[in-house]
Amino acid sequence: MAADSDPESEVFEITDFTTASEWERFVSRVEEVLNDWKLIGSNVGKPPEKGEYTSGTWEENSREINFADFKFSITHHYLKQESVESEGKEDGEEDAFPLAMQDLLCMNNDFPPRAHCLVRWYGVREFVVISPGANCEAVISESKCNLLLSSVSIALANTGCQVPLFVQIQQKWRKMYAGECQGPGVRTDFEMVHLRKVPSQYNHLSGLMDIFKSKIGCPLTPLPPINIAIRFTYILQDWQQYSWPQQPPDFDALLAGEVGGVEFGKLPFGACEDPISELHLATTWPHLTEGIVVDNDVYSDLDPLQAPHWSVRVRKADNPQCLLGDFLMEFFKLCSRKESTDEILGKNSVEEESKENSDISQALSKLTEPTAVPIPKLSVSNMVHSARKHIRRHRRHDQSPLNNDVLNSILQYLFPDSLGDKSDSNEAKATHSNPGGKNDQDKDTEDYNLFNLLKSAPSDSLTYRLALCICLVNFYHGGMRAVAHLWQEFVLEMRYRWENNYLIYGLAAGPPDLRCCLLHQKLQMLNCCIEHKKARDESRKESGRDRKDTTSCENGLLGPESGRQGGSGGSPGKSWDSWSDSEDEFYECLSDTEEMKEVPAEGAKGAKIKPEGRLQPHGKLTLLNSDEPLYIPITQEPAPMTEDLLEEQSEVLAKLGTSAEGAHLRARMQSACLLSDMESFKAANPGCSLEDFVRWYSPRDYVEEEVTDETGQTVVRGNLSARMNIPGNMWVEAWETAKATPARRQRRLFDDTKEAERVLHYLAVQKPADLTRHLLPCILHAAILKVKEEESVEDIPSVRKAILQVTSHTSKHLRHPIPDFKKLEDTINQLMVVETIIARARSLKAKFGLGKGEKGEDTEGLEKFVGSLLEEPEVAVIGAGRGPAGSIIHKLFVSAQRLADSSDEAALLAPLEDDPNRLGGSEDRKPMGGGGGVPDFPPPAGREILLRTCVPRPAPYSKALPQRLFCVLMREEFRLAGAFSSDTSFF
């Protein structure tokens, strides 16, 4: 039994060696990815054009693959080029080199300023990289590196892929790669060396040439020529006398109260520090051979002034402090504060004083006893001014957020009319209609109408100026406490103007403009209330004079005759608001007895009803029931409304539902203005019909047709439209209930007193955060205008494009019903970027002598050069060291060198002159070379040496294949990146 059971147990323990291992699965996954990306087979392409690696578009695709439980990321990098149709003879050539091998020898894109490091080191236009995943350990051990390279080699051989495949090894910061490229009968190995220090024997060209020759091991005795390309990079950090030209704001003038409207109306602009931190000069020798140049440990021919090519790049300061950006961010931070004005400034001292003086036992006697105080002294305006006195008296000077000088300057800037006589109606009208002094032509410009896009306020309006002042006060004069103080004073000023009939300066006439922000609409609504109240008070005075000359009714109500006389003083073209007697008592208290007296008088036989409230004839139209001309009546203006009131009204109407009763009630609520107009029309056109009213009010609802009468003649007859004939039509119902009452004797549609108090209450309860949200569109509006103004001086195309994008982005968010203020922070960041670019342009212009306004022979070329420095990663210097830009750069380096040499103090004061004897080559020689003068250039911060040749390898009879070695020598880095090709057929 035991013998029988042993074979069975052995069967279950058999290991199936045909099952793929984890390594084989990894190789298979790599092959699948290469197949999916269609990297199989040979590639055909033309050599890249000069500079194409920098100007072209690089794209990449990524996938994730696993080696057991270890994650790798495989990425395909390639330069997007136009596809080239392959020719038949190229397909037939089995020994055609892969494109990567051809790129090793291409000289059109040496030292690209903006590219992947492998592109710079090896010059390839297409490659694949396998690197450890984001949270995975680096591949450090030699066995793991060899395993990955074996996987790469097998995958390339199995698929026939001719694109080089790299593996990232060691720590990521070291940028170490090893890779391979396979072609028909050829192979290129990519190897790399990375050290912290440069070995002394390899610190020059001759030592690096020795490494290259020993590595390629060419068996040929006359070694083929080695092509050499060298680039030295010099860094300029100290600008010496080229200080940053930004002028700081005049704090003394701001604090002394000597600030006029010009200062308060401007936002600051510019960087507080130099936004250009370094200038990198790259001197390049693109085509050299071994015998032309000498560079060893004793002597060097590589003089930067003699280099045939110069190129410059600038290093920008990281997030330089900019004034406009700081202003906007500090203002934006107020949006998140939750404190109210009372919490910030403390409770009203007037209320505290009244609590101290109050005696509950005497409260009733104080209410009932007669007072000797005149009525005018109990007006709200007097209470406001007494409150101001108490507030300022009880608030100690050191506790006041804003000192009186600054506060008075701001109030004078906001309300220039306060310096003159507010009671002068002509002046008030002039300032009201044209507050900013702008011409009509200026108001048609795109910049002026920017408020429409941003839903802010016109740039000459009070709201716009208030936003600038709030922003200034927040940054310079005490932050949120100062903002609350200024807002409290502003609300008190609004109350004072309402009580004393003074129009608010800096607001356009007419109803609230719904294109503007809500705060601007509220101020316009208050201005409308002041206009109505002022007109009513003036008409009260006129009617008071008329009462002295004519008899009046016992109840103080004017009869038709006296009303006609009161209205005859105005011209026929005037609107009701300019002349009507609109006292509350008159509108609301028309007694029933008066109506009963008037009705029989109007209906008596032979008595002609006298028309009232006519404005002008309506063309040649006549009444349908008589030959009397049809007159347009004087009507009440509809009540102006802000957008929040419109929303409330729409919500109330929507809540009435869709039932018949709800629809009827909704129609009655909406027909208040219609009923008023019908009553005015009846008063102006005695004996009129509904058809007459429709012909004037809604001509489309009166349909005229040509018909043939009984005599056979064609006549025109009109009828009401179908919707007017619907049973229960609201127009018919309103017409039947409407009485012949002129507009001046109707209940007023717009209660200015009630609306003004609503606006003033709305303003009073606004927290600083609420105020900031209201004014943020105006501040962004001002910031965009400021950036536009500054850009027009510098003329930077990229900034103009960025401003358009910022404007569009801001408009999209601000016009949203509920703006997302977090997204508006992105707008502020974009404006800060634009401000930084303009500051960089000014810094570079100052350093290259373009900020003085002088025009020279080379000015145009220098301006183009400076503009390119801002737009491009690296700019070639025309004429190298002998051109206009090159000579300026040379002087900058000489100045920095003199400043760095502290032993030569006299050199700091010496003039910078062009000295033809200064060759500037001593900085490249070693210290042992001697020389007492200060070199023109510092030691190069980085040296890059590129060696290329084409030799047979490994045997003399092998194919001549490209070999390449890229060397990087820096103060704390030594890197060799080699690509060595070998013949796999004849070795």
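His781 has a relative accessibility of 0% and therefore counts as buried. In this predicted model, His781 sits within helix α32, which runs over residues 768-794. Its side chain makes a polar contact of 2.9 Å with the side chain of Ser456. Setting aside residues up to four places away in sequence, the partners touched by His781 are Asp447, Leu450, Phe451, Leu454, Ser456, Ala457, Ser459 and Tyr464.

The protein chain has 987 residues, of which 45% count as buried, and its secondary structure comes to 37 helices and 17 strands. Among contacts with a separation of 6 or more, 75% are between residues 24 or more positions apart.

The nonpolar cores come next. In soluble globular proteins, nonpolar side chains tend to be buried together. Here the largest nonpolar core holds 137 residues, and Met494 and Ile889 are the members that touch the most others. Met494 is in contact with Phe415, Leu462, Ile504, Leu523, Leu526, Leu760 and Leu763, once neighbours within four places in sequence are left aside.

Cys181 leads on to the cysteines. A disulfide is a covalent bond between the sulfur atoms of two cysteines. The count of disulfides in the model is 0, with sulfur atoms required to lie within 2.5 Å of each other. For Cys181, the nearest cysteine sulfur belongs to Cys161 and is 7.8 Å away, and Cys181 is in no disulfide. Cys181 has a relative accessibility of 1% and so counts as buried. Cys117 also falls in the buried class, because its relative accessibility is 15%, under the cut-off of 20%.

Within α2, the buried residues are Phe26, Val27, Val30, Glu31, Val33 and Leu34. These residues cover an arc of only 160° around the axis, which means that they lie on the same side of α2. An α-helix has 3.6 residues a turn, so residues three or four places apart point the same way. The cover over the buried residues of α2 includes β1 (58-67), β2 (70-79), β3 (126-132), α7 (142-159) and β4 (165-169). After α2 comes Lys38, which has a positive phi near 60°.

Helix α29, residues 690-697, is largely enclosed by the rest of the structure, because 6 of its 8 residues are buried. Those buried residues are Leu690, Asp692, Phe693, Val694, Arg695 and Trp696. They pack against β10 (614-622), β11 (629-633), α28 (672-684), β12 (702-708), β13 (714-720) and α30 (730-737). Glu691 is also placed in α29, but its relative accessibility of 27% makes it partly exposed. Not counting residues up to four places away in sequence, Glu691 touches Leu624, Tyr702 and Leu720. The C-alpha atoms of Glu691 and Asn625 are separated by 10.0 Å, although the two residues are 66 residues apart along the chain.

A gap of 574 residues along the chain separates Gly881 from Ala307, yet their C-alpha atoms are 7.8 Å apart. Beyond residues up to four places away in sequence, Gly881 touches Trp310, Gly886 and Ser887.

Most residues other than glycine have a negative phi, and most peptide bonds are trans. Lys175 has a positive phi, near 55°; it lies in the loop between β4 and β5 (176-183) and is partly exposed, with a relative accessible area of 42%. Asn319 has a phi near 45°, likewise positive. The loop that holds Asn319 is the one between β9 (309-316) and α11 (323-333), and Asn319 is exposed at a relative accessible area of 76%. As for the peptide bonds, the one that joins Arg953 and Pro954 is cis, with omega about 10°. Pro954 is located in the loop between β15 (942-952) and β16 (960-970).

Conventions
Residues are numbered from 1 along each chain as its sequence is written. This is a predicted model: local features need pLDDT of at least 70, side-chain atom pairs count only at pLDDT 80 or more; totals for chains, interfaces and linings use all residues. Side-chain values use heavy atoms; hydrogens and water are left out. Buried means under 20% relative accessible area, exposed over 50%, partly exposed in between (1.4 Å probe, protein chains only). Helices (H or I, at least four residues) and strands (E, at least two) are DSSP runs, numbered from the N terminus. The arc is that of the directions from the helix axis to the C-beta atoms. Contact means heavy atoms within 4.5 Å. A nonpolar core is a set of buried Ala, Val, Leu, Ile, Met, Phe, Trp, Tyr and Cys residues joined through side-chain atoms within 4.5 Å. A polar contact is a pair of N or O atoms within 3.5 Å; within protein, one must be able to donate a hydrogen and the other to accept it, and residues adjacent in sequence count only if both atoms are side-chain atoms.
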